[in-house]
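Subject: Handing over the model

Hi,

Here is the structure I promised to pass on to you. Could you have it open while you read my notes?

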Amino acid sequence: FLAGTAPDPAASPAALFFTTNGVGDLVIEPGDYVAAVTRGFEYTAELVPVQAVAGQTVVLEASLAHVVDTTGFLSADLHSHFRPSPDSQVSDALRIAQAAGEHVELVVTTDHDIISNLAPALQLAGAEDVVATAQGVEISPIRGHVNAYPVSETNAHRHGYWPLAWWQLDEQGEVGDARPYPEIFAAARSELGAQIIQLNHPRDGAAVLDTVHYDPAIGLAGLDPEVMDDNFDAIELCNSSFGAEDAEAVIDWYSFLNQGLPIVGVGVSDYHGGGAGLGKARTLVEVPDDVLAPGYDTAPFFTALRGQRATVVI
């Protein structure tokens, strides 16, 4: 991205540009800049002075070194949003460029109540050797959002929006309260084929664990199994940046482990925007093959994630 000649780390950049292959063109106002060239936490960064002159093309060259060895792991963002979400306007092409620029190697599409597919855009961009993807969905009741992935629309409640009905119908057939979480978890597996059920931002005040009044000192034994059960696989320990809510989620996670539940802790961005936020928190997952290519098989990734072969990076 580009900042002024005396860049303030806390200031917004004058311009921000992502590229899938390190090459591209950016139009900026004339002036003196410093270009900060980055590719996520695994790489070095370079600061390059740039003098932009009206009507002229300036060639910026930088070379970054891969200094954090993550051989045998894939860097994944398991919660982010694209244009299909009603609260995001990010195009597939931009999200792919963001992933490549931040070295997020696997993006799970988790738009609100719709299953979106990034694969065609990846193929069109020729970026399948730097980014892989899988389909997911954020099931979004008024309270208590849940990610399900990887998923398919084959046996969904309906195609398009609302692939899973998270609501109950009353005797008159009108939409009523949300279905209990055990029903939502089970339906995500049976109707969408989900392998991973993930509790999103679990302590944001209106999340799953808040809604069911989960007490980590007592555990799930203190709850009615029709209200909350253990049919989930992952819990977000860091949603974008680590704060008090996330610290509370860590305590919840330890309580699940103490109960003998194989729940994996994950880091996600939950990113909706077009700036530098994808992969701000991410999850490294151990895989037998970490070399991306067209047709990359993501199945071992999800097996490893469910097997807790993962670590959170902030």
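Below is what I found, from the overall build down to two single residues.

This is a predicted model, so a word on the ground rules: local features need pLDDT of at least 70 and side-chain atom pairs count only at pLDDT 80 or more, while totals for chains, interfaces and linings use all residues. Residues are numbered from 1 along each chain as its sequence is written, and side-chain values use heavy atoms, with hydrogens and water left out.

**Overall build**

The protein has six helices and 15 strands; helices (H or I, at least four residues) and strands (E, at least two) are DSSP runs, numbered from the N terminus. Its radius of gyration is 21 Å, close to the 20 Å that the globule rule gives for 314 residues, so the protein is as compact as a globular protein of that length. That radius is taken over C-alpha atoms, and the globule rule is 2.2 Å times the number of residues to the power 0.38. Along the principal axes, the C-alpha atoms fill a box of roughly 70 × 40 × 35 Å.

Of the 314 residues, 48% are buried (buried means under 20% relative accessible area, exposed over 50%, partly exposed in between, with a 1.4 Å probe and protein chains only). The protein exposes about 14800 Å², and carbon and sulfur atoms supply 53% of that; the areas come from the Shrake-Rupley method with a 1.4 Å probe, and for residues only the protein chains shown count as cover. Among contacts with a separation of 6 or more, 69% are between residues 24 or more positions apart (contact means heavy atoms within 4.5 Å).

Strand β4 is mostly covered, with seven of its eight residues buried. On one pairing, β4 runs antiparallel to β14 over four bridges, with Ala76 opposite Thr283. On another, β4 runs parallel to β5 over three bridges, where Ser80 has Thr109 as its bridge partner. Strand β14 (residues 282-286) is also joined to β15 by four bridges, antiparallel, and Leu284 stands opposite Thr311 there.

Helix α1 (residues 92-102) has eight of its 11 residues buried, and these pack against β4 (73-80), β5, α2 and β14. After α1 comes His103, with a positive phi near 55°.

**The sheet with β12**

Another open sheet of five strands has the order β7-β8-β11-β12-β13, again with mixed pairing. Here β7 (137-139) and β13 (264-268) stand at the edges with a single partner strand each, so one side of each is left without a neighbour in the sheet. The twist averages 35° from one strand to the next.

Strand β12 (residues 234-239) pairs with β13 in the parallel sense over five bridges, and Cys238 stands opposite Gly267. Helix α5 (residues 244-258) packs on this sheet, touching β12 and β13, and its direction makes about 155° with that of β12. Helix α3 (residues 181-192) lies across β7, β8 (146-149) and β11 (196-199), at about 150° to β11.

**Two residues to look at**

Which residues does Leu237 touch, not counting those up to four places away in sequence? They are Phe242, Asp246, Ala249, Val250, Trp253, Gly265, Val266 and Val312. Leu237 is in strand β12 and is buried, with a relative accessible area of 8%.

Ser116 sits in the loop between β5 (106-109) and α2 (119-125). Ser116 is buried at 10% relative accessible area, and its side chain makes a polar contact of 2.5 Å with that of Asp111 (a pair of N or O atoms within 3.5 Å; within protein, one must be able to donate a hydrogen and the other to accept it, and residues adjacent in sequence count only if both atoms are side-chain atoms). Leaving aside neighbours within four places in sequence, the contacts of Ser116 include Pro84, Thr109, Gln135 and Gly136.

Best wishes

Notes. Pairing = 2+ DSSP bridges. Axes fitted to C-alpha atoms, helices over the stretch in contact; angles between N-to-C directions.
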